[in-house]
Amino acid sequence: TDLLDFSDLGSSQARQTPRLFLDRGSTVTPQEFQSKWLSLPDGHSSTFTFPSVPPVGTIENCLATASVKVMATGAAGPAQRKFFFYGVPQGTSYLCMCEALLDEASLTMSCKFKADEMDMAPRLASTFQNALQGLGAR
């Protein structure tokens, strides 16, 4: 073994984006959310795959453990559910948001993340990934 072989430094673990720690007490009005959502460019996209269809409410409850809050949720089509989530990182006034579409047929949830600070969008995605692992999401 070559001790100076740095070829594995690009591994996913070394590149893993740090997650956000969100303020549990933050609140945002629907008007603030919509205005900010429309004004910001897309920041980051992720797709999560589940081993089975999560029961209604389970995704929200799982993300709530990471202080991610639900702005709205509802049916988006046959076997599809749409969610809007948000969070405010601790010690900031930045708003981080997500639009998620759960497709029950493909067992996938496609997410678009936006944030006041562009580097926070992938960090919110990392927070989602960490929280959703409890449901078996990859």
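This note covers the salt bridges of a predicted model.

1. Basis. Local features need pLDDT of at least 70, side-chain atom pairs count only at pLDDT 80 or more, and totals for chains, interfaces and linings use all residues. Residues are numbered from 1 along each chain as its sequence is written, and side-chain values use heavy atoms, with hydrogens and water left out.

2. Count. The whole structure holds 4 salt bridges. The term means a side-chain nitrogen of Lys or Arg within 4 Å of a carboxyl oxygen of Asp or Glu.

3. Asp-116 and Lys-36. These side chains form a salt bridge, 2.9 Å from N to O. The pair links distant parts of the chain, 80 residues apart. Asp-116 lies in the loop between β5 (108-115) and α4 (120-132), and Lys-36 in helix α2 (residues 30-39). Helices (H or I, at least four residues) and strands (E, at least two) are DSSP runs, numbered from the N terminus.

4. Lys-82 and Glu-99. Here the N to O distance is 3.3 Å. Lys-82 is in strand β3 (residues 80-87) and Glu-99 in strand β4 (residues 96-103), 17 residues apart.

5. Lys-112 and Glu-99. Glu-99 also pairs with Lys-112, the closest N and O atoms being 3.2 Å apart. Lys-112 sits in strand β5, 13 residues from Glu-99.

6. Glu-99 is buried, at 14% relative accessibility. Lys-82 is partly exposed at 31%, and Lys-112 is partly exposed at 33%. Buried means under 20% relative accessible area, exposed over 50%, partly exposed in between (1.4 Å probe, protein chains only).
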